[in-house]
Amino acid sequence: MMTLPVSVLLAVLVLVIYGDFVKGELQWGTYNPGSIFSVRARVPDSPMVGIAWAPSKKQQAIRSGIGDASGPTFFRYHDGASFATEIITDEEAGVVVNATWVHLDKKAWALRVEGTSKTLDRSERDLSFYVYTSMVNDHPKEGEESTGKVEVEIESEEYAAFVASKSKIGPFRVEFREPASGAVTRDRSSKHSRLQDVTNDLSVFHFLGLEVMIPSRFEISLRHSILSSMPTDSQSRGDKRGHPKGFIALPDLEAQNSNLAIVQRYLRTPFQFDVVFESSAADDAVSEAVEAHRRSFESRFRHVFNLEEFSVAQIEFAQITLSNLLGGFGYFHGPLTINSTDARPGEDRLKASSEASLLSATPSRESFPRGFLWDEGFHQMLVQKWDPELSREALKSWLATMEPSGWIPREQTRGADAITRFPQHIQHYMIQSPDVVNPPTLVMPVRALMLSEPVQVDGKGGIIRSGFVSDAFERLSKHVMFLAMSQAGKVENTFYWRGRQETDGVIHTLASGLDDYPRAKNISEAEMHLDLACWIAWSLKSVATLAPTRKAQEADMLRAAANQITTTLFEKHRGPGSYELLCDQGANGSACHEGYVTLFPMILGLEDASSPRLGSILRLVRDEDRLWSKGGLRSLSKQDPEYGKNDGYWTGPVWMPINYLVLASLKTKYSVENGPYKELAKDTYERLRKTIVGNVYSEYKRTGTVWEQYNPETGGGQRGRDFTGWTSLVVLIMAEEYAGVIV
């Protein structure tokens, strides 16, 4: 049988593979990861309803963004679809705010907000509380009219309502109801009318309606709108009834074409109020819905993850970790800035892509509230286990952003809000280059979803895939083929990461996801990167498993390409002399740095279970003087000259995604397949799982959060806190769920 070069196989496949996706249905959710608490629908330019507050004695310090409260902010519950409870501790104000959002039926929802004093004596605390409805466009353009209009309707003793006459979801009504407790009261012996002067009255709703068109970070727009409306004679506010003089009321004014409406209420702990969307449900009905959803979450969590071996406290930790991954989902809409490779001489290389929507989890609500391609594959491994339908929608959304070439932009900053949250000192990272890619991790959750589906066969015994898997096969085939062709090396079936750059003496390979991990000292087209070759071989083989029988020929071609690449990588990536492990290759020979890159032939299941090299990898993993640490496997060996150097980012610290892949390969391949290292692999798996779970939980108890990475010496959490993106993989490790990784 004639063997075709991989480039020919891939070129043929480009001609035969195509696909498309359908738009998901309208749904509401907490899809604003950067806000302290708000909800919106999964459509472009959706209305947004949210809350904010300020201490009565410091009303300029408005809490509206995720980092504004001076204390922990986390979701205790979040089911990803219809129920969420967030606990926000405001140390400076001395209060704890609980916000619970719940579906009442298919069209209606409620938000219950409760506030309690955090002080030991539970003394009363006063807040100026705001509920807002925004119709500000996701990606406003100069001269463009807002897609919505919202007005405030006041019934001072019963409710304040937001009434939208037009919006992307049609007309609607949201009520901010009279607080059930905590409202400042007055003498109600006579009916109070809004026609009377209520400027200084703390016991009624106050409001503000503005037309906002400037693209900006939303909570900054909100804060500016409130503060700019405040009078300078704030000390004149208040009265002789014990109300603090610092109270500053909104001016009760409304612009003609208001697209941002804010209602204010003065509250004293303990307080409780409801905000309801398109519903006349009574308080009891909201209470019943909240309790029913909480019980459902607890029951479902037990069934899905089966964590019986763990304590009640550890299970609660796992619930919170899952909930904060789900609470970090965002819905983004707008174009990207692309560094065009086909610009003519004299043309601006920076161009705007077409507008697109993205439904995605985020690595961290405060630090990274946007979509990252290689992170998302790991995020969706947990999401698909919990909520397959939500995961399908997110994956379809990501795959729909793929360019005709097969390229998927690796960092997606879509919409004015996401753009203005991007750190100023690294704004250039927003620009995406079509030759710079990321590892194809989206393949993992798609395979996991495929494996969870019942097998269907046609009349001839052929396998039929679901519409989602069939479409994903088309898209992912094109994507991994683009990866192989765009990253091809000088030698057939070898590959190198494009976009390597030296900054301040440190060479970064951002495309690989391993940023400052040491590689060849000289950037060259002659490089061969071991991890990239493994990713491409693995992804070609993995995508082939998604094919229905009618696509058997394309699947065979993918497998043939994967086999050729695997054979080549074992030949071309050998280390110098008698060195047993595989290495990157540079223009001047092998670039061997024992660490995560070294492990890729094992962690993606390419290494044979009987290979002596597997034994060498396992010894490397288990060696405390090299990779093994108190928190899991180090990213770089302690014996490497680059250990802890460069940015100290991927040159030693322990990272969850690679440790997860190691565990997946040990559990599902090397501890079950016959070979001389079967028992060693099994023992390594059990020890490593125990070490990782124990350390992440211990650090959670110590610090109250999960971390971006863990110290390679002490196991202490470090870098980004509240990093409930891929660090949430600890829940799957606890549940021993690894489907989708090893082919």
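The dialogue below sets computed values of this predicted model against the cut-offs behind each label.

Colleague: Let us begin with the disulfide. How do you know that Cys583 and Cys592 are joined?

Modeller: The two sulfur atoms are 2.1 Å apart, and a disulfide is assigned to cysteine sulfur atoms within 2.5 Å. The pair therefore meets the criterion. The structure holds one disulfide.

Colleague: What makes the disulfide of Cys583 and Cys592 right-handed?

Modeller: The torsion about its S-S bond is about 100°, and the disulfide is right-handed because of that value.

Colleague: Are Cys583 and Cys592 each buried or partly exposed?

Modeller: Buried means under 20% relative accessible area, and partly exposed lies between that and the exposed class, which is over 50%. Cys583, at 3%, is therefore buried, whereas Cys592, at 28%, is partly exposed.

Colleague: What surrounds Ala591, and why is Ala591 called buried?

Modeller: Ala591 lies in strand S27 (residues 589–591). Its relative accessibility is 12%, and the cut-off for buried is under 20%, so Ala591 counts as buried. Leaving aside residues up to four places away in sequence, Ala591 touches Arg519, Ala520, Cys583, Asp584 and Gln585. Arg519 is 72 residues from Ala591 in sequence, yet their C-alpha atoms are 5.9 Å apart.

Colleague: I turn to the charged pairs. How do you know that Arg63 and Glu92 form a salt bridge?

Modeller: Their closest N and O atoms are 2.8 Å apart, and the rule requires a side-chain nitrogen of Lys or Arg within 4 Å of a carboxyl oxygen of Asp or Glu. The pair therefore qualifies. By this rule the count comes to 44 salt bridges.

Colleague: Where do Arg63 and Glu92 lie in the chain?

Modeller: Arg63 is in the loop between strand S3 (48–55) and strand S4 (73–78), and Glu92 is in the loop between strand S5 (83–90) and strand S6 (95–103). They are 29 residues apart, and the pair links distant parts of the chain. Arg63 counts as buried at 3% relative accessibility, while Glu92 counts as partly exposed at 45%.

Colleague: What makes the pair of Arg500 and Glu527 a link between separate parts of the sequence?

Modeller: Their side chains meet in a salt bridge at 2.6 Å, N to O. Arg500 lies in the loop between helix H9 (467–486) and strand S24 (501–503), and Glu527 in the loop between strand S25 (506–508) and helix H10 (530–544), so the pair ties together parts 27 residues apart in sequence. Arg500 is buried at 8%, and Glu527 is buried at 2%.

Colleague: Why is helix H13 described as largely enclosed?

Modeller: Helix H13 (residues 612–622) has eleven residues, of which eight are buried, so the helix is largely enclosed by the rest of the structure. The buried residues are Arg613, Leu614, Gly615, Ser616, Ile617, Leu618, Leu620 and Val621. Their cover includes helix H11 (552–572), helix H12 (596–603), helix H14 (656–670) and helix H15 (678–703), together with strand S28 (628–629) and strand S29 (632–633).

Colleague: Finally, why is Val455 called exposed?

Modeller: Val455 has 66% relative accessibility, and exposed means over 50%, so Val455 counts as exposed. Val455 lies in the loop between helix H8 (443–452) and strand S22 (456–457). With Val457 and Ile463, Val455 forms a nonpolar surface patch with about 270 Å² of accessible area together.

Conventions. Residues are numbered from 1 along each chain as its sequence is written. This is a predicted model: local features need pLDDT of at least 70, side-chain atom pairs count only at pLDDT 80 or more; totals for chains, interfaces and linings use all residues. Side-chain values use heavy atoms; hydrogens and water are left out. Patches are made of residues with over 30% relative accessible area and no salt bridge: like charges are joined within 9 Å, nonpolar side chains (Val, Leu, Ile, Met, Phe, Trp, Tyr) within 5 Å. Accessible areas come from the Shrake-Rupley method with a 1.4 Å probe; for residues, only the protein chains shown count as cover. Helices (H or I, at least four residues) and strands (E, at least two) are DSSP runs, numbered from the N terminus. Buried means under 20% relative accessible area, exposed over 50%, partly exposed in between (1.4 Å probe, protein chains only). Contact means heavy atoms within 4.5 Å.
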